[in-house]
Amino acid sequence: MALATNLGFPRIGAGRELKQALEAYWDGKIPADELLRRAAELRRRHWELQRQAGLDVVPAGDFSLYDHVLDTACMVGAVPARYGWTPQGSGDPATARRATTGAEGGLGADGSAGSGDAPAAAPPGVPLDVYFAMARGTPGQGVPALEMTKWFDTNYHYIVPELEPGQTFHLASRKVVEEFREARALGFEARPVLLGPVSFLLLAKIRGATASAAADGSRPGSASRSAGSSGSVGQGSAPAPSAAGVAQGVSSDPRLALLDGLLPVYGQVLRELQAAGATWVQLDEPFLVLDLDEPARDAFRRTYAELAQAAPGLKLFLATYFEGLRDNLELALSLPVQALHLDLARDPGQLEQVLAAGVPPTLHLSLGVVDGRNVWRTDLEAALERLERAREVLGPERIFVAPSCSLLHVPIDLELETEFDPEIKGWLAFAKQKLEEVAVLTRALNEGRQAVADALAASRAAVAARRSSPRRTRPEVQERVARLQPDDARRPSKAPERRARQRERLGLPLLPTTTIGSFPQTPEVRRLRARWRRGEIDDATYEEGIRAEIRRVIRLQEELGLDVLVHGEPERNDMVEYFAEQLEGFAFTRHGWVQSYGSRCVKPPILYGDVARPGPITVKWITYAQSLTERPVKGMLTGPVTILQWSFVRDDQPREVTCRQIALAIRDEVQDLEAAGIRVIQIDEPAFREAMPLRRADRAAYLAWATECFRLVTGGLRDETQVHTHMCYSEFNDILDAIAALDADVILIEASRSGMELLDAFGEHRYPSDVGPGVYDIHSPRVPSVDEIKHLLRKAASVLDPGQLWVNPDCGLKTRRYEEVEPALRHMVQAARELRQEW
Ligand code: GLN
Ligand code: ZN
């Protein structure tokens, strides 16, 4: 019999219960045992939901109070010394009594502490306060948090484990064993989930390694938060939704030298899971879908040879996802595991490749036919054809049916969307509905199609309805995309000519000063928007409120002496949602929350149809701001790649086509701004880098269309209109050609945390246009001094021509308070003035 299974379930709760519990605990409103009780209740509820959806086996250990990579670091005792926890402390009863994340703190299934049958000598686990200090830092001038960065090509951020050269490991948290026991005690057939050892090491960084050395390895993302930043990120400030750099391919790597010390700990966990009654253990190795060199492949071989020995009789389930295995297919098939999971949503073709390569007679295949990364209802018949094809070769016994990856990346339950457009709702499936699809498919495989004839008919009808719906298509939009010419993505003159005209028109000094766009979102501004949304105030009152805020921000900037002003973005809650709401082709959920990191969630728009702009979006606010001042005010727009990347995107046409449609809508906005007399327009593309494909071979094609889309936005502008762009991460080395090809007149980037080091690449590249390297980190409340800023600018001027430089913060000021922003900007302007005198 084929089994209906799942790789992982969202942890946050349909009502974001985990968020509430965590924030109450951090605020001191509930004690640790209440947090742990609520967490256990969520696990129980989610297992029950999965069983009711029809799963034969549920995952256990996939739950996390903050992040599963952090959990893994705790499991193997990789707690940096600055958090003041040592395993030797384990004998200390005071430590042992503290609530922990693993060995004893979690509640057992019967509501008692779960350590009842653990060996008496079990260490107490990593205390909760240490765990959260690693995740978020400690308050005030305390210990900074670990770095955080994007999980592969998703918008989920994981905590980057920090290892020492020569790091040793020991079993320090038995969370996975406890949660497996908990599931069993509640009567669930469960499969424990672990992050595999090779992927764990490749997600980590070695302390002291330079940023570029770490990036040359294979961390899939660039840091959203440096190890040096304040610990307050988890609370107030939004993630600089940074940017994943994407894996560079794994080269011979000092992290893999730590494998020998790590594997015995994994071996011990496997034995304990086996002793607790596990028959299968899932090991997630997403790095198997990336570009690997020989040492990395060898690390996989060594790892699985050793783990297979460590717990003979235990069955290892190796999970790969987010891409196809491609050239790692042979490697994956050669590992001594009993099951291999394939992401057939991302790479449906790999099933035939695997079958052709010859599946070893002892290997099960787990077929990820239901897309775990997107919200569309599965075409069940198409999925079933794939499953039936696999059954022909393997027989039903060796098949698991599953979503393509953990469901962490989709909202929990579509049924909660009671006010959603009913037609479009019929095209969707969230986590719960996806598991029901898995169950139907499994039943069809085991009992034949007629056993689920109704479900198949409903799926067929939904697929047909979506395909033929007029809601999906706008012929005029498609024709416009089809008619595009290369010249549409080209400005009339080359950058140097434009530069001369713009400088003359704008009358800017050396080292022009500006900001990235948003000013602090005060409680008053947030309240104004919320009341208007709820219909408590009318449009006129709302608009006057926004205008008053714009007046304040313009006056402040004039008083501070900034050169290029912004309107401050008080009308925007979110840089993608704001635009999506005013474009055709998007729908919005009420409860469709997806975890971004820790207690932070996002509610991505759902892009279901051809994109069109019914009318101007920002023009009235920008022109109002411009009417208040002689200085140039920037039009402020979100770019097409970022709107695409931070939405759930339709799967019925290539992403690049959808992106071109968005680009044309934003192009129209840009044209309107120029026609209204706006002289500078900024197109933010903070997701440009994270949208990069995971495999090197796919990147050139992506960069080509992404660059083209950006240029479609700006291509119709006159030479004298200055285009700014902003990207808030600091790994540009490998994409500088594409960045230059954007042909923006000015790029404003995050740079302060790298101490301007990233500019070396711009210097070497002889980057042709203006650059505004951020001179201070907006993630911290700290106010930089004039001297500090001058120092950074001097460094910048040693690499780039001073005439190329702009002066600005790292990112928008939305999450900061005026008490910090005013003095910081004052110092920034002062630093620019002093250097103008000197240079
Ligand atoms: N213009 C936006 C702001 O200042 C940019 C935000 C971002 O880069 N994430 O808030
Ligand atoms: Zn930014």
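Q: In which helix is the place of L18?
A: This is a predicted model: local features need pLDDT of at least 70, side-chain atom pairs count only at pLDDT 80 or more, and totals for chains, interfaces and linings use all residues. Residues are numbered from 1 along each chain as its sequence is written, while chains are lettered from A and ligands numbered from 1 in the order in which they are written. Helices are DSSP runs of H or I with at least four residues, strands are E runs of at least two, and both are numbered from the N terminus. L18 falls within residues 17-26, helix α1.

Q: Which residues is W646 in contact with, leaving aside neighbours within four places in sequence?
A: W646 sits in the loop between α23 (640-645) and β19 (648-649). Contact means C-beta atoms, placed from the backbone, within 7 Å. W646 counts as buried, with 23 C-beta neighbours inside 10 Å. Its contacts are N155, V576, P604 and A687.

Q: How far apart are the farthest two C-alpha atoms of the "binding site" residues?
A: The UniProt annotation (unreviewed entry) covers R16, E17, L18, K19, K150, R600, C601, W646 and E690. Positions follow the numbering used here, feature names are shortened, and annotations may be inferred rather than shown by experiment. The residues span 675 in sequence and do not all gather at one spot, because the farthest two C-alpha atoms are apart by 28.9 Å.

Methods
Buried ≥ 20, exposed ≤ 12 C-beta atoms within 10 Å, placed from the backbone. Contact = placed C-beta atoms within 7 Å.
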